[in-house]
Amino acid sequence: MPVRSEFLHIIAAVRSNLESCILGKSFEIQLLLTALLAEGHVLIEDVPGTGKTQLIKALARSMSGDYRRVQCNPDILPSDITGVSVFHPREERFYFRPGPVMTNILLADEINRATTKTQSALLEVMEERNVTVDGETYELPRPFMLCATQNPIDFEGTYMLPEAQLDRFMMKISLGYPDAATEKSLLYQHKQGQPVDRLTPVTNMEQIAEMQHEIRSIYIDEAVTDYLLSIVRRTREHASVLLGASPRASLSFLNAVKAFAFLQQREYVLPDDIKTLAPYVLAHRIILRPESRLDNVSPESVLKNILQQVHVPVAMER
């Protein structure tokens with residue numbers, strides 16, 4: 001079934017909003033929208049000042065969704081994110097006071113500055129889409145997306161994300177510095193203030209949820225599915241890899257390529273979709289052997305090697 005035209009108009013409008021705020025990063029914006037429509041979470045790792053926070057804020061404003069931002073630091077507690085039960089003396093009972101996690105788009109800024117105990121509070125949120133406080137479970141609003149940022153060069157006072165949490169991020173992306181022409185346009189653009197403050201909503205969370213449901217029916221051929229699985233399984237067998245991608249990674253990969261095909265206005269997945277997304281979905285899930293790291297081997301180079309080795313399915317016409 002072809003992609004509905006109304007969905008195409010919505011995605012085009014959201015993309016236009018984001019590109020008007022974050023100049024010269026069309027592909028990275030496409031990756032963010034892919035994760036959103038695939039019901040995944042995103043880790044944005046980059047140096048300060050490249051527009052990470054503005055990008056997430058622009059996304060939330062474009063969808064008229066609830067948006068909350070948590071500035072992570074070592075003294076933040078798990079209850080500061082999930083919420084806490086407060087005792088009411090007159091009624092002699094506890095009431096749940098929701099934390100910032102009760103939103104549609106949650107930005108955990110500099111997540112690696114929070115302690116491991118606080119980071120682990122997000123594990124249930126990312127996987128189950130609910131929080132448990134004092135034995136009571138509370139559902140999060142739908143759709144829900146966690147966007148986390150971290151600085152790759154500042155390690156003082158930081159706590160590395162555990163493998164179990166990294167595995168729950170569908171994608172890890174980086175914005176990078178703009179080129180000279182784009183940065184010059186950026187200077188002129190900000191004469192009248194932040195562009196994100198001038199954005200108007202172009203869709204709502206109900207329409208986003210409808211698109212998320214629609215993406216589940218995107219067709220992927222068995223041969224293309226086998227190609228995806230072969231790449232994932234090779235990460236577990238590669239000589240440089242200590243720990244490869246998990247079955248959760250396979251599911252995230254499948255959902256991501258379906259959403260990516262949807263954004264390309266297709267109702268089916270191509271092998272090229274898999275090759276394009278592999279570094280962003282799998283690289284942060286690969287743990288290299290110590291000797292491989294000493295030889296300056298990177299997860300990205302391992303994936304590049306795997307993609308060169310795995311046979312790409314090709315349709316033969318009779």
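**Note on salt bridges, a helix pair and a surface patch**

1. The structure, a predicted model, holds 13 salt bridges; a salt bridge is a side-chain nitrogen of Lys or Arg within 4 Å of a carboxyl oxygen of Asp or Glu. Local features need pLDDT of at least 70, side-chain atom pairs count only at pLDDT 80 or more, and totals for chains, interfaces and linings use all residues. Residues are numbered from 1 along each chain as its sequence is written, and side-chain values use heavy atoms, with hydrogens and water left out.

2. One of the salt bridges joins D273 and R266, with 2.8 Å from N to O. D273 is buried at a relative accessible area of 2%, and R266 is buried as well, at 14%. Here buried means under 20% relative accessible area, exposed over 50%, and partly exposed in between (1.4 Å probe, protein chains only).

3. E6 and R4 form another salt bridge, their closest N and O atoms lying 2.8 Å apart. E6 is partly exposed, with a relative accessible area of 39%; R4 is likewise partly exposed, at 28%.

4. R168 pairs with E127 in a salt bridge whose closest N and O atoms are 3.9 Å apart. This pair links distant parts of the chain, 41 residues apart: R168 sits in the loop between α6 (163-166) and β9 (171-173), and E127 in helix α5 (residues 116-128). Helices (H or I, at least four residues) and strands (E, at least two) are DSSP runs, numbered from the N terminus. R168 is buried at 19% relative accessible area, whereas E127 is partly exposed at 36%. Both residues belong to a network of salt bridges that also includes D167, R248 and R285.

5. The axes of helix α2 (residues 26-37) and α11 come within 12 Å and cross at roughly 75°, so α2 is roughly perpendicular to α11. Axes are lines fitted to C-alpha atoms, for helices over the stretch in contact, and angles run from 0 to 180 degrees between N-to-C directions; roughly perpendicular covers 65 to 115 degrees. F27, L31 and T34 in α2 meet T276, L277 and Y280 in α11, contact being heavy atoms within 4.5 Å.

6. Y219, Y268 and L270 make up a nonpolar surface patch with about 290 Å² of accessible area together. Patches consist of residues with over 30% relative accessible area and no salt bridge, nonpolar side chains (Val, Leu, Ile, Met, Phe, Trp, Tyr) being joined within 5 Å and like charges within 9 Å. Accessible areas come from the Shrake-Rupley method with a 1.4 Å probe. Y268, in the loop between α10 (247-263) and α11 (271-282), is partly exposed at 36% relative accessibility.

Key. Parallel < 35°, antiparallel > 145°, perpendicular 65-115°, else oblique.
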